[in-house]
Structures are given as C-alpha cells and as structure tokens.
Amino acid sequence: MGGDEGLPTRRRSSPASGAVLMDLTAIPALDQHAHNLLKPEVACRKPFRAAFTEGYDPDVIAHHAQHTLFFRRSMREIAQLIGCEPNEAAVLARREELGLEQLTTKCFEAANLEGVLIDDGLLPDEILPLDWHRTFVPVHRLLRLETLAEELVGDAESFDDFLARFRAAIDPPPAEVVGLKSIVAYRSGLDVRPTSFDDARAKFAAWKGTGPSRHPRLVDKTLLDFLLLQALEVAARHRLPIQLHTGFGDPDLDLRLANPLHLRPLLEDRRYRGAPVVLLHASYPFTREAGFLASVYPHVYLDVGLAVPLLSVSGMERAMRELLELAPQSKLMYSSDAHFIPELYFLAAKWGRTVLAKVLDEAVRDTDLTAAEADKAAEAVLRGNALTLYRLDDC
C-alpha cells in the first residue's frame with residue numbers, strides 16, 4: 001500500500017442536466033472497518049436475507065427484511081453484477097452456481113479495494129480466517145477488546161493474572177494489528193466511567209463464574225469500562241487507533257446510550273489524547289453529533305460504514321452530507337462494515353463512491369470547494385486518511 005499520489009478523478013456529463021459530475025470508480029478504496037465472511041457450512045444454515053438487516057428476529061428476517069429499500073435496490077445490483085434476473089430466487093441460484101470463491105472474486109474486484117481492515121471478533125467460531133480473505137485483497141487485523149477478554153478469562157487464575165494477560169496481549173500491539181475495536185456501546189453504553197482496580201476486581205469472580213462456558217460473555221459495565229480505559233492507555237502510548245461502535249446496530253444495544261456525545265468526558269481526558277478514536281457507522285442517527293466531535297477534538301475521526309449501504313439512497317446522501325457539514329475532510333474515512341457475505345463489500349463500495357461524489361459535487365456548486373479541492377477530498381476519504389491514520393503508507 002502507499003504511493004499512487006494524485007489518483008485520477010474522472011468527470012462525466014449527466015444526460016439529464018448536462019452537469020459535469022465526479023466519477024470516483026478509478027480511485028481504489030481502503031475499507032477501514034469490515035468483518036470476515038462466514039464459513040460455507042455456516043452460511044448455508046443462515047437465511048440470505050439476514051445479511052440485509054440488523055434485526056435477528058426470525059419474523060423480521062423472513063417477512064420484513066425483503067421490503068426495505070436497501071434489499072430491493074441490492075437485489076437488482078447484485079443480479080447485474082453476477083448475471084441473472086433481478087429477483088431473490090435467481091440471485092440465490094446464481095450464487096450457488098458460482099460458488100463462494102468465484103462470487104467473492106467478482107465482488108472484491110467490482111469493489112476496487114486496495115485493502116481491508118478486518119475485525120475478526122464477530123462470531124469467531126463461524127467465520128473464515130483472515131488468510132482466506134488475503135487471497136483476494138490485502139488484509140490488516142483489528143483486535144476486538146471484548147472478544148480478547150472473553151478468550152483470556154478461562155485460563156486466568158485471578159484478576160491480577162487476567163489483567164496481566166490482557167495487557168500483554170495488546171502491549172505491545174501484535175505485529176498484524178493496526179487498530180483496536182470496542183463494542184462497549186452494545187454491552188453497556190458509551191457513558192464510560194472511571195473505574196477503580198478494586199471495583200473491577202470485585203466484579204471479576206462473578207464474571208468468571210458465569211455459566212458453564214470457558215469464555216463467558218462480558219456484560220458487566222464496571223469491567224467493560226475498566227478494560228476499555230486500560231486499552232486506551234496502551235493505545236495512547238503507541239498512538240494506535242481505537243474504533244468504537246456508535247449509533248445504530250442490532251437490537252442488542254440501547255440506542256440512547258450509543259450517542260457519541262456520551263464520550264465527551266473520555267475525549268476530554270488528556271491521558272488518552274494520543275489514541276485516535278474512530279466513531280464507526282456514521283454514528284447514525286447521531287451523524288451531526290459525530291461531526292461536531294470530530295470538528296473540535298483532534299483525535300476523533302469518522303466512518304461511514306453500515307449507514308452506507310444500509311440506508312436508502314437519500315438517507316446515505318444525507319448522512320454523508322451531515323458528517324461533512326462541519327467535520328474536516330481529513331477526519332472522514334470509507335468503510336463497509338461488510339460481514340457474512342461478499343456482496344456487502346461490493347454494495348458498500350459502489351454506494352460509498354456514489355454518495356461521496358454527489359455530496360462533493362454539491363460542495364463545488366455551493367462554492368464550498370473548488371473542483372481540485374473536491375478531487376483531493378475524494379481521495380482522502382476513500383483511502384488517504386486511513387492510510388495515514390493506520391500508518392499503512394509504507395506497507
């Protein structure tokens with residue numbers, strides 16, 4: 001990675017208006033947050049529609065997901081990519097005919113990706129390994145803190161032993177790890193509070209003894225907050241980015257506590273200023289709040305994943321527009337939050353480029369940017385900002 005300065009931004013004429021519009025297809029994208037695809041034996045047990053909704057209730061998947069604007073639009077676009085009729089039955093038959101490797105090749109090539117940063121902590125027992133994905137695209141690893149803690153607790157003899165293991169796993173960061181990731185928003189919310197060593201230790205025994213599993217699920221707020229602050233201390237020393245889930249997601253979270261404004265006390269704490277904080281998923285529906293935080297805190301960055309491509313076209317444009325209303329272009333990065341199926345990598349890349357071009361075209365017409373400045377902003381959002389933040393320029 002790295003190099004290729006000043007990648008070309010093409011412009012095309014709109015048949016409807018005659019206006020000259022940006023075309024960003026020639027700029028490779030660096031997907032700064034995504035997930036592994038499912039193992040074939042797992043994927044065959046999951047409904048295809050499950051990849052197109054954040055809901056996991058069977059009725060939502062079976063009866064309602066197919067009626068979202070995202071699903072209807074995506075069926076036509078996937079069908080065009082893989083060569084079949086634009087309906088779900090034809091898409092499913094064609095996917096089976098192609099097989100996972102050929103389907104993934106088509107999707108990744110159409111997405112024009114120069115690299116992907118993958119959080120492999122989502123369903124770790126059901127996903128294909130990072131090396132499988134590396135046969136299609138360069139991959140770097142994001143280390144999910146809560147999954148790491150759950151993997152370590154079973155062998156720990158005491159809280160002191162557990163904490164030593166946890167810190168050793170991230171300090172120094174493993175060579176392949178370019179960033180940390182936390183889903184504390186899901187587990188207990190973004191109102192992260194200072195927690196003492198003694199309070200965390202008092203909660204440890206109860207967590208370790210939860211149920212028969214050697215990897216009990218970590219949901220205790222005291223422990224979650226304590227471990228996140230421990231990780232932030234390490235990240236600040238190594239200047240390692242840490243990604244935080246913000247905004248919408250599956251119904252496991254309380255959306256009211258996923259507003260990034262809850263992070264203000266943490267962002268104000270100068271002990272952690274060396275750790276770049278990436279607010280994932282456009283913080284939707286709190287996009288303007290996220291844009292404000294990025295505009296006033298030097299170590300806060302933004303990400304468009306999940307909002308792109310899950311929203312309607314107008315919704316994606318609005319989210320992109322609201323992020324850039326106030327935030328510096330140097331703070332916004334492309335990602336897909338793709339997971340489970342390769343088509344999501346393609347759909348996100350297509351619409352990430354499309355809505356970014358639309359919003360930057362508007363900025364040029366409004367005199368916020370010159371055409372040359374818009375070209376530089378497009379390249380920065382699609383790849384340059386992430387290359388710099390994760391120090392991938394020389395990779």
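How many aromatic pairs does the structure hold? The structure holds 16 aromatic pairs, where rings of Phe, Tyr and Trp (its six-membered ring) pair if their centres lie within 6.5 Å. The model is predicted, so local features need pLDDT of at least 70 and side-chain atom pairs count only at pLDDT 80 or more, while totals for chains, interfaces and linings use all residues. Residues are numbered from 1 along each chain as its sequence is written, and side-chain values use heavy atoms, leaving out hydrogens and water.

**View 1. Phe48 and Phe52 form an edge-to-face pair.** The ring centres of Phe48 and Phe52 are 5.1 Å apart and the planes stand at 65°; planes under 30 degrees apart count as stacked, over 60 as edge-to-face and the rest as tilted. Phe48 is buried at 10% relative accessibility, and Phe52 is buried at 1%. Buried means under 20% relative accessible area, exposed over 50%, and partly exposed in between (1.4 Å probe, protein chains only).

**View 2. Phe204 and Trp207 form an edge-to-face pair.** Their ring centres lie 6.1 Å apart, with the planes at 80°. Phe204 and Trp207 are three residues apart in helix α10 (residues 197–208), a separation of about one helical turn. Helices (H or I, at least four residues) and strands (E, at least two) are DSSP runs, numbered from the N terminus.

**View 3. Helix α5 has its buried residues on one face.** Helix α5 (residues 100–111) has 12 residues and reaches 16 Å from its first C-alpha to its last, close to the 16 Å expected at 1.5 Å a residue; the expected span is 1.5 Å times one less than the number of residues. Leu103, Thr104, Cys107, Phe108 and Ala111 are the buried residues of α5. Seen down the axis of α5, these residues fall within an arc of 125°, so they line one face of the helix; the arc is that of the directions from the helix axis to the C-beta atoms. Just after α5, Asn112 takes a positive phi of about 50°.

**View 4. Cys44 and Cys107 are too far apart for a bond.** A search of the whole structure finds zero disulfides, a disulfide being a pair of cysteine sulfur atoms within 2.5 Å. The sulfur of Cys44 is 19 Å from the closest cysteine sulfur, in Cys107. Cys44 is exposed, with a relative accessible area of 63%.
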